[in-house]
Amino acid sequence: MRFVFQIIGYFLALQVLNKVNSILGNKLTMMVGLCINLTSVLLLCPVSQFPQTWYTVIIGMTFIGFGGVFITVP
């Protein structure tokens, strides 16, 4: 069930991708997506800065899907 949240984040990001891409351009949009994925991967693994609960894993998976749109679509 946790992987469903990645797909939900992907579809949510598709709604705002055109606006973000028109403002930032292709390269900066991909950089934003890479930064989103970099920070959201930290929510998945047991890092001492973040508590390891299923809430953080769901948030991390949602943001990975959100950032994946900014990387692959432009």
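Me: Helices (H or I, at least four residues) and strands (E, at least two) are DSSP runs, numbered from the N terminus. In which helix is the place of L38?

Reply: L38 sits in helix α2. This is a predicted model, where local features need pLDDT of at least 70 and side-chain atom pairs count only at pLDDT 80 or more, while totals for chains, interfaces and linings use all residues. Residues are numbered from 1 along each chain as its sequence is written, and side-chain values use heavy atoms, with hydrogens and water left out.

Me: Does L38 count as buried or exposed, and why?

Reply: Buried means under 20% relative accessible area, exposed over 50%, and partly exposed in between (1.4 Å probe, protein chains only). L38 counts as exposed because its relative accessibility is 61%.

Me: How many residues apart in sequence are L38 and G65, and what is their distance in space?

Reply: L38 and G65 are 27 residues apart in sequence, and their C-alpha atoms are 12 Å apart in space. For K19 and G9, the separation is 10 residues in sequence and 17 Å in space, C-alpha to C-alpha. K19 has its place in helix α1, and K19 is exposed because its relative accessible area is 60%.

Me: Where is N18 found, and is N18 buried or exposed?

Reply: N18 is found in helix α1. With a relative accessible area of 62%, N18 is exposed. From N18 to L42 there are 24 residues in sequence and 27 Å in space, C-alpha to C-alpha.

Me: What does L14 touch, leaving out residues up to four places away in sequence?

Reply: Contact means heavy atoms within 4.5 Å. Not counting residues up to four places away in sequence, L14 touches V69 and V73. L14 has its place in helix α1 and is partly exposed, because its relative accessible area is 34%. L14 and Y55 are 41 residues apart in sequence, with 23 Å between their C-alpha atoms.

Me: What span should α3 have, and what is the distance between its end C-alpha atoms?

Reply: The expected span of a helix is 1.5 Å times one less than its number of residues. The 19 residues of α3 should therefore span 27 Å, and the end C-alpha atoms are 27 Å apart, which agrees.

Me: Which residues of α3 are buried, and what do they pack against?

Reply: The buried residues of α3 are T56, V57, I58, G60, M61, I64, G65, G67, G68, V69 and F70. They pack against α1 and α2.

Me: How many aromatic pairs does a search of the whole structure find?

Reply: A pair of aromatic rings is described by the distance of the centres and the angle of the planes. Rings of Phe, Tyr and Trp (its six-membered ring) pair if their centres lie within 6.5 Å; planes under 30 degrees apart count as stacked, over 60 as edge-to-face and the rest as tilted. The search finds 3 aromatic pairs in the whole structure. One of them joins Y10 and F11 edge-to-face, at 6.2 Å centre to centre with 90 degrees between the planes. Y10 counts as partly exposed, at 32% relative accessibility, and F11 is partly exposed, at 49%. F66 and F70 form an edge-to-face pair as well, with 5.3 Å from centre to centre and 90 degrees between the planes.

Me: In which helix do F66 and F70 lie?

Reply: Both lie in helix α3 (residues 54-72), 4 residues apart, about one turn of the helix. F66 is partly exposed because its relative accessible area is 24%, whereas F70 counts as buried because its relative accessibility is 3%.

Me: Which residues form the nonpolar patch on the surface?

Reply: Patches are made of residues with over 30% relative accessible area and no salt bridge: like charges are joined within 9 Å, nonpolar side chains (Val, Leu, Ile, Met, Phe, Trp, Tyr) within 5 Å. A salt bridge is a side-chain nitrogen of Lys or Arg within 4 Å of a carboxyl oxygen of Asp or Glu. Accessible areas come from the Shrake-Rupley method with a 1.4 Å probe; for residues, only the protein chains shown count as cover. Here I23, L24, L28, M31, V32 and L34 form the nonpolar patch, and together they have about 560 Å² of accessible area. The elements giving two or more residues to the patch are α1 (2-24) and α2 (26-41). α2 gives the most, with 4 residues. M31 has its place in helix α2 and counts as partly exposed, because its relative accessibility is 48%.
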